[in-house]
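I opened this structure to look up a few helices, some loop residues and the inner space. My notes follow in the order I made them.

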Amino acid sequence: MADAGAEFDPDEGPTDWLGNPVSCSDCPHEETRAAGRCEFGRTCVMDRRGRRIDRFFAANPRQAERYLEHPYFEVRTLAARYASPFRLVGLMNDPEPDVRAMVALRLPLNRVRALKDDPEPRVRIALAMRLAGDDLGMLFEDPDYTVRLAAARRAEPALLVRLARDVDASVRREVARRAPDYVLPGLVADPDPLVRVEVARRLAPDRLVLMTGDPDFRVRFLCAERLPAGLVVRLLADADESVREMAQSRLGQGER
């Protein structure tokens, strides 16, 4: 018997989650097969390949509830995608994070909030896809940056001021991309150059003078590209050639 976690051989015949050959002769869905709603090697709940399992439940959603306690986590995960949400409460404590993540995506909101304390980040990320407003803001304090980033990407821009001092640069970059304009001056001296690049893309042109001395040439290039013409002269003697050329180009076009 093959190990359930073994690599799939693309040339082998269909096998179940334990590595045993799949056969239609011992399938419990004879009526389904006769109706053309499953197909050996392509649409099969007995097969261990996720796409084939998913096709089975997509064609036979009423069968999903029969498989919510199946020993193979992939079957439980995909069954949870198609089963009635009201049958999923028992899976909130499933040992497999993928199952709990699917539950987070499908349970009614009044039940799903409890998963904010789930030990697995991918479950809390799934929860972030559902929450809004102050409920979503609860995840701004999450210890895992990937969860905070997922929350930042969905949060209303006004809430992002709470993440402007996040310890992770990728979270602060999302703040710089989407936060209201009044948040941007506070990020002008951010230690991460890519955060400052995002600020330079959005900061009001007449405020960009604050960034003309930035140590990163990409930031100064954006200043040369966006500053009012009267202030571009500050960058004609910049240490970087591309910045100087952009400043000269702006002035050469006779911008005012």
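I began with the cover over the buried residues of H13, and it includes helix H11 (217–226) and helix H12 (229–232). I count a contact when heavy atoms lie within 4.5 Å. Helices here (H or I, at least four residues) are DSSP runs, numbered from the N terminus. The model is predicted: local features need pLDDT of at least 70, side-chain atom pairs count only at pLDDT 80 or more, and totals for chains, interfaces and linings use all residues. Residues are numbered from 1 along each chain as its sequence is written, and side-chain values use heavy atoms, with hydrogens and water left out.

**H13**

I looked up the span of H13 (residues 241–252). Its 12 residues reach 16 Å from first C-alpha to last, close to the 16 Å expected at 1.5 Å a residue. The expected span is 1.5 Å times one less than the number of residues. Which residues of H13 are buried? They are Val243, Met246, Ala247 and Arg250. They sit on the same side of H13, because they cover an arc of only 95° around the axis. That arc is taken from the directions from the helix axis to the C-beta atoms. An α-helix has 3.6 residues a turn, so residues three or four places apart point the same way. For burial I use relative accessible area: buried is under 20%, exposed is over 50%, partly exposed is in between (1.4 Å probe, protein chains only).

**H8 and H9**

Next I checked H8. Its buried residues are Val147, Arg148, Leu149, Ala150, Ala151 and Ala152. Their cover includes helix H6 (121–128), helix H7 (133–137) and H9. H9 is mostly covered, with 8 of its 10 residues buried. Arg172, Arg173 and Glu174 are among them. The cover over the buried part of H9 includes H8 and helix H10 (193–202).

**Loop residues**

I then picked Arg165, in the loop between helix H8 (145–154) and helix H9 (169–178). Arg165 is exposed, at 62% relative accessible area. Leaving out residues up to four places away in sequence, Arg165 touches Arg172, Gly186 and Leu187.

Pro119 lies in the loop between helix H5 (109–112) and H6. Is Pro119 buried or exposed? Pro119 is exposed, at 70%. Beyond four places in sequence, Pro119 is in contact with Arg100 and Arg124. I also read the C-alpha separation of Pro119 and Pro97, which are 22 residues apart along the chain: 9.0 Å.

Asn60 is in the loop between helix H2 (50–59) and helix H3 (73–82). At 4% relative accessibility, Asn60 counts as buried. With residues up to four places away set aside, Asn60 touches Thr32 and Arg37.

**Core**

I looked up the largest nonpolar core, which has 68 residues. Such a core is a set of buried Ala, Val, Leu, Ile, Met, Phe, Trp, Tyr and Cys residues joined through side-chain atoms within 4.5 Å. Phe57, Leu88, Val175, Val199 and Met211 touch the most other members. Val199 is in contact with Ala176, Leu184, Leu187, Val188 and Met211, neighbours within four places aside.

Notes
Helices (H or I, at least four residues) and strands (E, at least two) are DSSP runs, numbered from the N terminus.
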